[in-house]
Amino acid sequence: MKHIRNFCIIAHIDHGKSTLADRLLEYTKTIEVTQGQMLDDMDLEQERGITIKSHAIQMEYGYENEHPDFEKGQYVLNLIDTPGHVDFSYEVSRSIAACEGALLVVDATQGVQAQTISNLYMAIEQDLEIIPVINKIDMPSAMPDEVEDEIIELIGCKREDILRASGKTGEGVKDVLDAVVERVPAPEGDKDAPLQALIFDSVFNSFRGIIAYFKIENGSIKKGDKVKFFNTGMEYVADEVGVLKMNMMPKKQLSTGEVGYIISGIKNAKEVQVGDTITHIDNPCSKAISGFQEVKSMVFAGVYPIDPSDYENLRASLEKLQLNDASLTFMPESSVALGFGFRCGFLGLLHMEIVQERLDREFNMDVITTVPNVSYMVYDKHGEQKEVHNPSGLPDLMSIDHIEEPYIYATIITDTAYIGPIMTLCLDKRGELIKQEYISGNRVEIHFHLPLGEIVIDFYDKLKSISKGYASFDYHIDGFRHSKLAKLDILLNGESVDALSALTHVDNAVGLGRRMCEKLKELIPRQQFDIAIQAAIGAKIVARETIKCVRKDVTAKCYGGDVSRKRKLLEKQKKGKKRMKQIGNVEVPQKAFLAVLKLD
Ligand code: GDP
Ligand code: MG
C-alpha cells in the first residue's frame, strides 16, 4: 500500500482536466503520445468535450526525488477520471470517494468557477488531500497570479503549494506527478479484514457484460471468489478481476488500497449501482461503505417515434441504452397527438440531450421529444401522495389538496458587472436570494433557491447570454416546496395537442402561453389553410396567433421543363417532412415540441 496513490482530477468544465490527464499518461508512458484525448472514448464525449462516464487508469511512475519521507522507485498511481457536469454529480462524488487525493485544476484564464467549488466541497467532504494546479499557463491571457490569489482565498493553502502547468505544452507535468507521490496519502485499510470494496463506476461491454470498477477499502478479492453486492443483494462469481491500464489486465488477486475491475457475467446495468459495496458471500463485511444513494431521475419527457411502426424498435433501443446507462428510466405512455411512446426519466437536461443524440446516432431512431418537466408531488384531499411526471397525469383539480415541486440550491459565480441581469433572471424564475459573497476583486458568488422546473426551461442559455459566457452555474436538489401550478394547453385549429402541454406556476402561465403561441407561429411552416394557435388554461383561452395559409409549390421556381430537377426537389421536400408530425391536419416540426425551451 505504501507505493499506491489513488487520486482524481476535479475541475470546472473545459478547464483542461482531460488534457492534463493525457499528459500524465504520456509522461508515465502508460499511453503513446497522441493528438486526441485518450480518456474520453465515446464519440459523443469527444465532440462535446465532456467526460460523460468516469474511468480509471493505472500508471507506473518512477519517482526520483531525494526526499526524506519517500523512497525512490516505482509508484502505482491510479487516476480516477470524473465527469464534470452537474447532471452527473453523484458519479463525481463516488469516484472522489475512491481516492485519497485530488488535483484541483483551475484554468489560468478563467479562474475559480462554480463547479471548481462544488467539486472541491465534495473532495473536502471525503477528506481528500487537495493539490491545486493552475492550468493553461501557456496562454497569453493567463493570469496565474490573480488565480493564485483566488485559490488561496478559497482553500487557505500556501502560495508555494500551488502548482502551475500546461496540458498543452506539458510544462509542469513532472511536478504534478511528484506532488501526487509526496502529498497524496497512501491508502489505508486492513488487508486481513473481510472484503469491502466500493463500486465507483461501471461500463458496458457487449462481449463481457457489465464491468464494475471498484476500490478495495479492506480485505482482498481473488478470481473465482463468490461475492455479493451489498445494496442489491445480488450474488456472483468473480470470473475475472484485474487492474486497468489502457486495457484490462487480469490478476489473480487484488488487495486493500488497489483499484480494479470485476467481470461476473452481469448483463444489466441496474444490478451494478455506483456506490454499492462488494463483499464475500462467506465472511462478509458487517456494513456497506456509507454514502450510497439511489440515483433519481429529476427531469422527464416523452419520447415518441416519428414513424409509429418504429415503436417496438424504440423500446429495444431504450432497453439497450439502459444496459449501460442505469440512470435512464422509461415506461410506456401514449399521447393523443403523438401516438405510442415512452415517458423517459433523466438526471438533467444534458443527460436528456445525450440520450436523444445516442438514439439518433447509435440506433438510427427518429424521435420526437416533448417538453421536459420535473416530477411533482401531488397531495389529494385524503392526504394521499402521488408523483406526477407528465402534464396529462395531473389528477382532476377538484381532488387536489396541494402540489409540491422540487427546489434546488443554486450557486452562480460571475463578474460583478453581470450581477444585475443575473439577479433579475433568477427572480423572474421565482428564485429567492440566499446570499451573495465576493470571491476576489470583481468576482462574486450568488446563492439562490430556485424551482427546478424553471431551470429545466431555457435557464442555461439565458444565463450564458446575459453574462456573455462569464457565469458558471451549479446546483443540487434541495427538497420539495408548496407550489401553485397550472396546466397550460396548446390548441392547433381547436385541437388540444397534449404533447405541447406544460405544467407551470400560475403566475407565469399566461405569459408562457403568449410566448409559446408566438414561438409556434415562427416554427410551424405555413400550410394550405390557416392555422389557429391558442393557449388555454382550463377552458379559458389566454393567447392566440394565426398562421396564414400559403399554396406551397416548391417546383414553381423551376421554370422550363427540367423534369429531373423537379423530381429532386420533390424528394427533398419529402425528406424534409421526416422530422414533421401530423397533428390533426397540421404538420408540426420536431423543433416546435421543444419551442418552450427556446422562448425569448
Ligand atoms: P475538461 O472539460 O476539463 O476535460 O477540459 P479539456 O481537457 O477537454 O480541455 C478544454 C479545452 O482546453 C480543449 O480545447 C483543450 O485543448 C484546451 N486546453 C486544455 N489544457 C490546455 C492548456 O494547458 N493550454 C491551452 N492553451 N489549452 C488547453
Ligand atoms: Mg474532459
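**Before you start**

This is a predicted model, in which local features need pLDDT of at least 70, side-chain atom pairs count only at pLDDT 80 or more, and totals for chains, interfaces and linings use all residues. Residues are numbered from 1 along each chain as its sequence is written, chains are lettered from A and ligands numbered from 1 in the order in which they are written, and side-chain values use heavy atoms, with hydrogens and water left out.

**Whole chain**

Show the protein chain as a cartoon. Its secondary structure comes to 14 helices and 34 strands. Helices (H or I, at least four residues) and strands (E, at least two) are DSSP runs, numbered from the N terminus. Of the 600 residues, 55% count as buried. Buried means under 20% relative accessible area, exposed over 50%, and partly exposed in between (1.4 Å probe, protein chains only). Contacts here are heavy atoms within 4.5 Å. Among contacts with a separation of 6 or more, 69% come from residues 24 or more positions apart.

Now colour by domain. The bounds come from an automatic or database domain assignment. Domain 1 covers 4-183, domain 2 covers 196-280, domain 3 covers 299-369, domain 4 covers 376-483 and domain 5 covers 487-598. The C-alpha centres of domain 1 and domain 2 lie 25 Å apart. Domain 1 gives 20 residues to their contact, and domain 2 gives 18 residues.

**Strand β4**

Select 101-107. This is strand β4, and 7 of its 7 residues are buried, so the rest of the structure largely encloses it. Show the side chains. G101, L103, V105 and D107 point one way, whereas A102, L104 and V106 point the other way.

Look for G101, which stands opposite E129 in β5. Then trace the chain from β4 through helix α4 (residues 114-125) to β5: this β-α-β crossover is right-handed. Right-handed means that, with the strands pointing away from the viewer, the path from the first strand over the helix to the second runs clockwise.

Two strands pair if DSSP finds at least two bridges between them.

Select L359, F459 and F473. They have the most contacts inside the largest nonpolar core, which has 50 residues. Such a core is a set of buried Ala, Val, Leu, Ile, Met, Phe, Trp, Tyr and Cys residues joined through side-chain atoms within 4.5 Å. Domain 3 and domain 4 both give residues to this core, so it lies between them. Centre on L359. Beyond its neighbours within four places in sequence, L359 is in contact with residues including V303, L314, L318 and V367. A second, separate core of 39 residues includes I10, A102, L104 and I413.

**Single residues**

Go to M249. It sits in strand β13 (residues 248-251). Is M249 buried or partly exposed? M249 counts as partly exposed because its relative accessibility is 34%. Draw a distance from M249 to Y261: their C-alpha atoms are separated by 9.2 Å, with the residues 12 apart along the chain.

Next, D14, in the loop between β1 and α1 (17-27). D14 is not a glycine, yet has a positive phi of about 75°. Its relative accessibility is 56%, so D14 counts as exposed.

Finish at N283, in the loop between β16 (277-280) and β17 (299-305). N283 has a positive phi near 60° and is a residue other than glycine. N283 counts as exposed, at 53% relative accessibility.
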